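Hi there,

Here is the model I promised to pass on to you.

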Amino acid sequence: MKSLLCGSLLLLCSSVSFTSCTDWLDKDPESIVADDEAFKNYRNFQGYIEEIYYLIPDKEKVKHCTAWNFGDDAVHNTEGYAHMDHQVDLGNYRNWWTNDQCWLNGAWSSLWRNSWYSIRKCNMGIENIKSLVGTDEERDLLLGQLYFFRAWWHFELMCYFGGLPYIDQAFEASSIPELPRLSFQECADRCAEDFEKAYDLLPLDWDETLAGMQTSGKNDLRINKFMALCYLGKCYLWAGSPLMKEFEKTKNGGVAELLNASSNGKTYDYDEKYCKLAAEALGKALEMVKKGTVRYKLAEYKYSNIYDHERDENSETNYSDIFYTHKQSWLMPGTCEAIFRGAYPGANSFNWNCDKLFGPKVAGLVDHDNIIHHPTANVIDQYGMANGQPIYLVRNGEYVLNPESGWDPEHPYKDRDPRFYHDIVFDGFHYVINTEPLNENQKKLEYCQLYTNGAMRSVDNGSSTGYFIQKLVPHQCNEGDRWYDWDHALQGYLPYMRLADIYLMYAEAVAATAKSVGALKSRTEYCSLSAVDAINALRDRVNSADLPMEHVQANLMDTREHFIDEVRRERAVELSFEGFRWCDLQRWLLLTEPPYTVKYSHEFERLEKDSWFKTHDPKDAKIGNFHKKELITRSFESKHYWFPLPDKDTYLYEGFPQNPGW
């Protein structure tokens with residue numbers, strides 16, 4: 001991690017003793033560092049905190065597996081059915097505890113284990129701040145990080161497991177604190193208190209503090225005031241979402257219960273109080289961006305060749321750099337847009353299979369095993385048209401074809417949202433640029449054959465849906481172009497929060513509290529942007545002469561509910577494959593509702609000759625008999641809105657019950 005004060009401090013913080021009844025926390029007695037050493041001065045104290053950054057799970061690299069997209073946007077081929085995302089498809093949520101390929105409890109990184117360990121570290125630090133010999137500024141920097149992390153780890157757990165006890169003191173390891181399990185909203189209130197404390201204590205820019213000057217230029221990953229404000233807004237929006245509001249009404253003994261409930265149209269029923277607080281915090285953050293008081297801004301979407309992610313020579317920043325960097329000396333992805341990330345993943349860490357999990361394994365075209373993570377037709381249908389219209393509208397809980405879209409099933413990839421061409425590999429796509437190293441069987445696959453029964457449609461080593469993902473990993477990761485070789489310095493990392501999400505959450509929070517259609521287009525008391533402006537800002541980012549993108553259209557703003565549908569579709573597109581979709585469907589009370597319970601493929605016939613694609617743009621190809629086919633149906637019940645807790649933990653005391661239905 002580039003922002004470490006020094007390597008020895010990381011060793012120091014990892015050697016502080018935390019006696020526990022669990023083996024993984026056991027320490028060699030000779031490694032114990034006394035509290036008066038760990039907390040005596042700013043340098044040592046900051047070294048103690050650095051370990052918490054290191055413990056943030058890198059979702060992409062847990063045992064080199066793709067197991068973070070639990071929503072309806074992605075699916076594995078049959079070779080990857082052991083992965084947690086497919087176990088979610090089966091409703092086998094309990095598998096998270098034993099599946100070491102899942103970041104919730106992975107072999108190398110575990111949200112569950114790391115959370116409780118880090119929360120205890122935060123509480124020990126807060127309780128020992130009085131031992132610090134240092135300045136007020138140093139004290140504020142340390143406390144601000146500790147309050148932020150205490151809230152952040154609780155919040156991440158809540159998103160998957162619901163309300164929990166809020167641990168705000170470092171209990172003796174030999175005792176079991178019988179704290180009541182709070183509801184999600186009660187727990188969110190406690191998180192919000194800590195996020196607000198962090199906001200008050202932390203600077204916008206560490207480089208402008210005396211303490212931060214010691215690591216000037218290497219403070220990008222450190223927690224700052226803007227991060228705390230953004231997470232405060234997210235915490236409030238989640239607390240105000242339909243699921244959390246409904247759970248609050250039906251909670252039983254501190255645990256929400258929806259065992260026999262259905263959304264029944266409650267997907268637009270937000271908690272107004274929390275959403276107003278969310279809009280205020282997120283609006284304040286966007287005003288800081290607009291005024292240029294923070295370093296964050298939307299990365300540019302300027303390409304000379306969108307399919308190959310070749311950036312325009314006049315662009316200062318690059319959209320693709322949010323997710324991966326190429327030939328930039330292993331630079332951590334994120335560029336100017338990533339707000340919150342974990343520790344630097346290390347040089348060449350992406351090459352340990354991560355960059356080989358998204359392309360066709362037919363004839364060994366992409367190296368390694370046959371496991372492939374590819375998009376569903378569901379998410380392909382979410383990518384609308386360049387004219388700002390969705391292909392499908394949500395009406396009465398169903399998808400219906402939008403007559404205003406202009407989408408043509410004989411030319412399904414023509415005139416689409418520009419992000420489609422950046423994110424998705426489709427039929428006829430020029431997949432291998434340098435064919436010289438390929439054998440004869442591989443050379444036949446230079447252009448993708450993703451039509452029904454095409455060479456790349458096999459369920460074991462191809463795509464069952466008709467598409468591949470290249471948003472996170474460029475298509476040049478193949479045996480011809482070999483971007484996964486050392487000399488390409490390909491580095492990948494998925495940020496937990498980026499600026500585009502702030503625009504999306506702000507738009508949702510404002511729409512959730514809108515009393516009229518006019519309120520959607522009006523600036524708020526917190527921000528000079530309206531809800532519609534926030535969505536249009538993301539559309540403006542991807543708008544160019546070659547790939548124009550229009551604003552939100554009038555027919556999508558005729559009611560509050562229709563605009564919320566459009567905001568949700570924008571989230572599905574902008575944040576596709578980044579691990580947010582399951583939580584979104586969950587909090588919107590849509591996880592158990594058709595059509596979100598079915599994963600589809602697209603089936604069609606290729607009408608153009610293979611040679612046609614060598615001289616034409618694949619998006620212009622005419623196809624026949626385009627239709628959807630059901631692949632997987634999730635038999636979800638209301639219990640599937642939350643993951644089950646580890647059974648052994650629910651036996652600790654009566655006030656820590658299992659989630660309903662498990």
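First, the ground rules. This is a predicted model, in which local features need pLDDT of at least 70 and side-chain atom pairs count only at pLDDT 80 or more, while totals for chains, interfaces and linings use all residues. Residues are numbered from 1 along each chain as its sequence is written, and side-chain values use heavy atoms, leaving out hydrogens and water.

**Helix pair**

Helix α8 (residues 225–240) packs with helix α14 (residues 499–513) at an angle of about 40°, and their axes are 10 Å apart. Helices here are DSSP runs of H or I with at least four residues, numbered from the N terminus. The axes are lines fitted to C-alpha atoms over the stretch in contact, with angles running from 0 to 180 degrees between N-to-C directions. The two helices are therefore oblique to each other (angles under 35 degrees count as roughly parallel, over 145 as roughly antiparallel, 65 to 115 as roughly perpendicular and the rest as oblique). Their crossing is left-handed, meaning that the near helix is turned anticlockwise from the far one by less than a right angle.

On the α8 side, the contact (heavy atoms within 4.5 Å) is made by F226, C230, K234, L237 and W238. From α14 come L499, I502, M505, E508 and A509. By class, that contact has eight nonpolar, no polar and two charged residues (Ala, Val, Leu, Ile, Met, Phe, Trp, Tyr, Cys and Pro count as nonpolar, Asp, Glu, Lys and Arg as charged, and the others, Gly among them, as polar).

**Cysteines**

How many disulfides does a search of the whole structure find? It finds zero, with a disulfide taken as a pair of cysteine sulfur atoms within 2.5 Å. For C354, the nearest cysteine sulfur is that of C65, 8.5 Å away. For C477, the nearest is that of C354, at 11 Å. C354 counts as buried at 2% relative accessibility (buried means under 20% relative accessible area, exposed over 50%, partly exposed in between, with a 1.4 Å probe and protein chains only). C477 is buried too, at 2%.

E570 sits in helix α16 (residues 560–574) and is buried, at 2% relative accessibility. Leaving aside residues up to four places away in sequence, E570 touches R419, L504, I535, L538 and R539. E570 and R539 are 31 residues apart in sequence, with 9.4 Å from C-alpha to C-alpha.

S109 lies in the loop between α4 (84–89) and α5 (111–127), and is buried with a relative accessible area of 12%.

Best wishes
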